[in-house]
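Q: I have not seen this model before. Can you walk me through it?

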Amino acid sequence: MENEGKLILRKKRYNKFSFDWVSLLLLSCYVIGVNIPITGKMAVLSLLILGLIAGLGVVVKAVLYFTAKSTSDNPFKEPVTTPVKPKVIDQKKRDAVLKQGFSENKVPANLDAIVVGSGIGGLSAAAIMAKAGKRVLVLEQHDQAGGCCHTFIDKNYEFDVGIHYIGEMQYQSVTKTYFDQITDGQVEWEPLDETYDEIVFSEPDKPLRKYPVRSGIGNWPSDLKKRFPSEEANIDKFFALVEEVREGNTKSILVKVLPLWLVWFLNTTGLLNYLTTFYKWNAKSCKEVVYGITENQELRDIFCYCFGDFGTPPSKAGFPMQTLLHTHFQKGAGYPIGGASEIAFQIIPVIEAAGGKVLVRAEVTKIAIDNKGKACGVQVKKGKELYNIQAPMVISAAGLYNTYERMLPLDIASSSRIWPILRDLEHGPGAMSVFVGLDCPAEELDIYHKKNVWLFSGNDFDKLTLNYLNLTREEALDVDIPLLFISFPSTKDPEWNKKYKGKTTMAIVTLMPYHWLEQWKDDRVMKRGDEYEGIKKTFGHKAVEQACRLFPSIRDHVDYVNVGTPLSNQHYLGAPRGEIYGLDHTKERFSAWVNAVLRPKTDIPGLFISGQDICSCGFSGALWGGLLCASAALERNVFNDLVAVHKKGKAVKKSN
Ligand SMILES: Cc1cc2nc3c(=O)[nH]c(=O)nc-3n(C[C@H](O)[C@H](O)[C@H](O)COP(=O)(O)OP(=O)(O)OC[C@H]3O[C@@H](n4cnc5c(N)ncnc54)[C@H](O)[C@@H]3O)c2cc1C
């Protein structure tokens, strides 16, 4: 263990999750408060004083946390000014970065940390650490880096696997500044159409009903008012609530950085609701809230139309989750120019510049724990060989279920504080993706450019979706799929024609329960037999047929269809039950206590968590998980550094 202790030498300071004097004072006040019976005016006065002291304590803790100095280097020293280089379109050159296969001699010496999983959650944490001077090894089980951000090429079509549109990237938001920092500003974003989404209700024997979702503050509400004039007041009410919850959304993260006992105190006393309204609203499901606002079922559906972006139907998801998405896309959406693989392609050099590496075909089978109970490395499986790699810190960005149920020794995992929580929570729903190649340019087709469609087979899609997911596989084969997300990714990428001139791609995503195909889970990929292939094809063609009904001009140009099932997600994305968004985004997951425990710093020394199971799914959710994780691992408030560099960048731009 020659590297052991390299990163963990620092003494506790105020910004650590330590039990210091403020904590002690608060706890004493609470204990005295609940144990000494005081009545009448005295009781009110005592409670007021206790409340004041507690409030003061929280403020002091927060100030200390957010202003404390750290001995780790600031990863975000200067705004990025590097000019954007021409895109690399030579696939061999791209593969040389994205597909660096694991071998023992490629593992750098004197590692500071190992990151498991090369999705944006793992890459972002690794890149921030690299920018703070740390040497990080990222290990990926698939044959290329990127996780949900990887792309695949088949029959001369290239498909994104898990990126269709991202908010806050097509303008200089704080998130964009963060992303520029970890890509050296090399990823450019193409804005989607002003109407980035369209909601379509397609019911048999009824005319199609289309509702565009227009970006820009106030645009969507005002369009809706024109379509539902008698609902004007209710539409205002809904968007006012979105605004109200928006305020609390950012502050909800506080529970992940305050000491857990303090979160418990704030939560049990109800004081947490004075810091953020998030948890109060999270107690209500999206369905409950929209049902309370209007009796118009179509409008109720429209308010929650994009629940498919996190996969949890409105009756199971807390209201804030929906508001997070509406605010995320309020100013529109963007798409990475050159496709989603640009993301990993541009982050990897930043990790390598500090001596790190991103190696693929490197399945981590075990997180090693030393005799003091500290994470001290990993075991990697390549083919039949097993390799042990040591590092003083392990960051898992491979999902909580993978980490605790597969990689950690059972005795360690089952005695951790997260274990009972994982028993209570659930895997997010499985999904099917259909990748379609069309043999002509997009301009020759009557399709949507730079815009997504949410196609529903009727009203009350919470009920429709839950009913569908409760069908048996055979029953499901006989009915229309109630919810389809359809987009034409090639139309979003201005670089597409440089590589794939004359071709167009369509992507369809929908929910599909894992158990429908679970019986083939142990069979080798591509060798699951005719029955599996037949079922997969039937579901896939059904989805394509539904898309053709909406876009008839594509019917004669379908040249390629490839269907990804929950088992494909399991194989290529390492998703244990074929889920595409990690933990299910239920109310329970976002309750204050659970949300607090789902933090990057675990109770296993040396083990940290990043990715979509920390904040939320989505590119941005996982990206912010990476920042929180790097903060915990570096013992430094990286958010402060980011805000500072963001302001600096703005000032520089202004002065030019
Ligand atoms: C079909 C689909 C469409 C989506 N569309 C959008 C969208 O339009 N916009 C948006 O913002 N978000 C979208 N998302 C969600 C978003 O892509 C994800 O939430 C986010 O990228 C997750 O990042 P992550 O790093 O947490 O996880 P992942 O990207 O899943 O990365 C985890 C990585 O860990 C690896 N791994 C697992 N186990 C091991 C192991 N034992 N050893 C080594 N490696 C391991 C996996 O192979 C994987 O590469 C979509 C997702 C999917 C699947």
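**A first walk through the model**

Q: Before we go on, what should I know about the model?
A: It is a predicted model, in which local features need pLDDT of at least 70 and side-chain atom pairs count only at pLDDT 80 or more, while totals for chains, interfaces and linings use all residues. Residues are numbered from 1 along each chain as its sequence is written, and side-chain values use heavy atoms, with hydrogens and water left out.

Q: OK, back to Asn156. Where is the place of Asn156?
A: Asn156 sits in the loop between E3 and E4. Its phi is near 65°, which is positive in a residue other than glycine. The names come from DSSP runs numbered from the N terminus: helices are H or I with at least four residues, strands are E with at least two.

Q: And what do E3 and E4 form?
A: E3 and E4 make a hairpin with two residues between them, and Lys155 in the turn also has a positive phi, of about 45°. Strand E3 covers residues 151-154 and runs antiparallel to E4, with four bridges joining them. Two strands pair if DSSP finds at least two bridges between them. Opposite Asp154 stands Tyr157 in E4.

Q: Which residues point one way from strand E4, and which the other way?
A: Tyr157 and Phe159 point one way from strand E4 (residues 157-160), Glu158 and Asp160 point the other way, and all are buried.

Q: New topic, the ligand. Which of the 36 residues around the ligand come nearest?
A: Glu140, Gln141, Cys148, His164 and Gln612 come nearest, out of 36 residues around the ligand. A residue is near a molecule or strand if one of its heavy atoms lies within 4 Å of it.

Q: How do the residues of that shell divide?
A: They divide into 20 nonpolar, 14 polar and two charged. Here Ala, Val, Leu, Ile, Met, Phe, Trp, Tyr, Cys and Pro count as nonpolar, Asp, Glu, Lys and Arg as charged, and the others, Gly among them, as polar.

Q: Which elements each supply at least two residues of the shell?
A: Helix H4 (120-131), E11, helix H15 (400-407), helix H22 (566-573) and helix H24 (619-634) do.

Q: What lies 2.8 Å from an oxygen atom of the ligand?
A: A backbone N or O atom of Phe619 does. A polar backbone atom of Gly162 is also 2.8 Å from a ligand oxygen atom. For a nitrogen atom of the ligand, a polar backbone atom of Tyr165 is 2.8 Å away. The protein covers 94% of the 1,000 Å² of accessible area that the ligand has on its own. Accessible areas come from the Shrake-Rupley method with a 1.4 Å probe; for residues, only the protein chains shown count as cover.

Q: You listed E11. What order does its three-strand sheet have?
A: The order is E11-E12-E13, in an open sheet with antiparallel pairing. Strand E11 (363-369) and strand E13 (385-390) are at the edges with a single partner strand each, so one side of each has no neighbour in the sheet.

Q: How many bridges join E12 to E13?
A: Six bridges join E13 to strand E12 (residues 375-382), and the two run antiparallel. Val378 stands opposite Ile389 in E13.

Q: And H24, what about Ser631, buried or exposed?
A: Ser631, which is in helix H24, is buried because its relative accessible area is 6%. Ser631 and Ile128 are 503 residues apart in sequence, while their C-alpha atoms are 8.9 Å apart in space.

Q: Last one: where is Met526 found?
A: Met526 is in the loop between strand E18 (504-511) and helix H21 (529-550). Met526 counts as exposed, because its relative accessible area is 66%. Its phi is positive, about 70°, although Met526 is not a glycine.

Key. A polar contact is a pair of N or O atoms within 3.5 Å; within protein, one must be able to donate a hydrogen and the other to accept it, and residues adjacent in sequence count only if both atoms are side-chain atoms. Buried means under 20% relative accessible area, exposed over 50%, partly exposed in between (1.4 Å probe, protein chains only).
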